[in-house]
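Q: Please give me a close look at one part of this structure. Then lead me on from there to other parts.

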Amino acid sequence: MHFLDQAKIFVRSGSGGPGAVSFRREKFIEYGGPDGGNGGKGGDIIFEAVAGLNTLIDFRYTQHFRAPRGHGGSGSNRTGAGGDDLVIKVPVGTQVLADDEERTLLADLTKVGERVVFLRGGDGGRGNASYKTSTNRAPRQHGTGWPSDEAWVWLRLKLLADAGLVGLPNAGKSTFINQVTNAQAKVGEYAFTTTRPQLGVVRHKQREFVVADIPGLIAGAAEGAGIGDRFLGHIERCQVLLHLVDANDADVAESYRVVRDELENYGGGLLDKKVIVALNKIDTLDEELIAALSAELEEASGSPVIPISGASGVGVDWVLDQLLEAIGPEAAKVSADDEGEDAIEWSPL
Ligand SMILES: Nc1nc2c(ncn2[C@@H]2O[C@H](COP(=O)(O)OP(=O)(O)OP(=O)(O)O)[C@@H](O)[C@H]2O)c(=O)[nH]1
Ligand SMILES: [Mg+2]
């Protein structure tokens, strides 16, 4: 199975229909004038962000999108019918990028219902009637219609999560998301159990926010080591990061720094985000060690450290409080009778 978070597609707007060459011929009217109508406009290519889509999987099966051309004009000054616009529905959080070296950002669809006219259809050509002048009363001239526009583009989906989980492989990220949401992320005692991002919705204190679990980071991830850093794009828009450090690591300060270094190498403002640091798996330690390791980690990170156990749930509410505070008013309110948890299924395929 492949994780599909980007797709390359071809789009082409419709060309304009040709203008008509036609002359009016009626019984008893001696000289009919030119009456060729204009061609219709070709269809636009429009991207629309819609709710209920979480992947770009559909674009694996359909890669070519062509809007219909405009119809030709006809006699009696009839304008040709326009080609229908082709609306391409994409998940919220989809970006449209040029197929060039820089992957120039061409469109960014961040809200449900947002529409971008990406390629305009060609205008219809003029019919011969519109070329009539005082000196040329019977023009045979007409426009052939404006050409269509086409492009290969990349679609890239960035998950829109409020909080992102980061840490080394095995830090307990997936266990944590399973504890606080009803996402069913795979947990394993080996590195890189998680190979694709997973979203879960947290409901806490009658508020709701989305957490993203991503694959673990290791030194050199920015250069492609491990699963690399390509999933970090998914947390670029998070309000806050939750950085989990496994208390059983040989050097928790070093574990912390390795991940911070990769965030820095990746860039994208990840290092400047609010971060909540938690010492995880404290169910395996005694009080004294927890205090000592927390102090070490506090010194390394320069921020308060919350000791937790994602597996047993100890300290988890405290973390959620902090996340909620960091996210602020963005976290939607839910009514009391709507308590319960949902997972947004990120289906890979
Ligand atoms: N004792 C204890 N073990 C934990 C805790 N959280 C996770 N584990 C174990 O640590 C291992 C790794 O957990 P995962 O949740 O898969 O870790 P991850 O950070 O998602 O790992 P990757 O997806 O590989 O990056 C598993 O064997 C878990 O059972 C915890 O709070 N306490
Ligand atoms: Mg995992």
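A: Start with Lys205 and Asp321. Their side chains meet in a salt bridge, with N and O 2.8 Å apart. (A salt bridge is a side-chain nitrogen of Lys or Arg within 4 Å of a carboxyl oxygen of Asp or Glu.) The pair ties distant parts of the chain together. Lys205 sits in the loop between β10 and β11. Asp321 belongs to helix α5, residues 316–327. (Helices, H or I with at least four residues, and strands, E with at least two, are DSSP runs numbered from the N terminus.) Lys205 counts as exposed, because its relative accessibility is 57%. Asp321 is partly exposed at 26%. (Buried means under 20% relative accessible area, exposed over 50%, partly exposed in between, with a 1.4 Å probe and protein chains only.)

A word on reading these values. This is a predicted model: local features need pLDDT of at least 70, side-chain atom pairs count only at pLDDT 80 or more, while totals for chains, interfaces and linings use all residues, and side-chain values use heavy atoms, without hydrogens and water. Residues are numbered from 1 along each chain as its sequence is written, and chains are lettered from A and ligands numbered from 1 in the order in which they are written.

Now the other salt bridges. The whole structure has 10. One of them joins Asp44 to Lys41, with the closest N and O atoms 2.7 Å apart. Asp44 has a relative accessible area of 9%, so this residue is buried. Lys41 has 25% and is therefore partly exposed. Another joins Arg103 to Asp99, and here the closest N and O atoms are 3.8 Å apart. Arg103 is partly exposed, with a relative accessible area of 35%. Asp99 is partly exposed too, at 36%. This pair is part of a network of salt bridges that links Lys8, Asp99 and Arg103.

β1, residues 6–12, pairs with β3 in the parallel sense over 3 bridges. Val11 stands opposite Phe65 of β3. β1 also pairs with β8, in the antiparallel sense, over 7 bridges. There Ala7 faces Leu155 of β8. Strand β5, residues 94–98, runs antiparallel to β8, and 5 bridges join them. Val96 has Leu155 in β8 as its bridge partner.

Now the magnesium ion, ligand 2. Its protein donors are Ser174 (OG) and Thr194 (OG1), lying 1.9 to 2.1 Å from it. Ser174 lies in helix α2, residues 173–180. (Donors are N, O and S atoms within 2.8 Å of the metal, or 3.2 Å for Na, K and Ca; water is not among the atoms, so sites may look incomplete.) Both Ser174 and Thr194 are buried.

Thr194 leads on to Ile227. Leaving aside neighbours within four places in sequence, Ile227 is in contact with Phe192, Thr194, Thr195 and Pro215. (Contact means heavy atoms within 4.5 Å.) Ile227 and Pro215 are 12 residues apart in sequence and 7.1 Å apart in space, C-alpha to C-alpha. Ile227 is found in the loop between β11 (207–213) and β12 (240–246). Its relative accessible area is 26%, so Ile227 is partly exposed.

Last stop: Asn128. This residue sits in the loop between β7 (115–119) and β8 (150–157). Asn128 is buried, because its relative accessibility is 0%. Not counting residues up to four places away in sequence, Asn128 touches several residues, among them Ala20, Ser22, Pro34, Gly36 and His142. Its side chain reaches the backbone oxygen of Ser22 at 3.2 Å. (A polar contact is a pair of N or O atoms within 3.5 Å; within protein, one must be able to donate a hydrogen and the other to accept it, and residues adjacent in sequence count only if both atoms are side-chain atoms.)

How values were computed. Two strands pair if DSSP finds at least two bridges between them.
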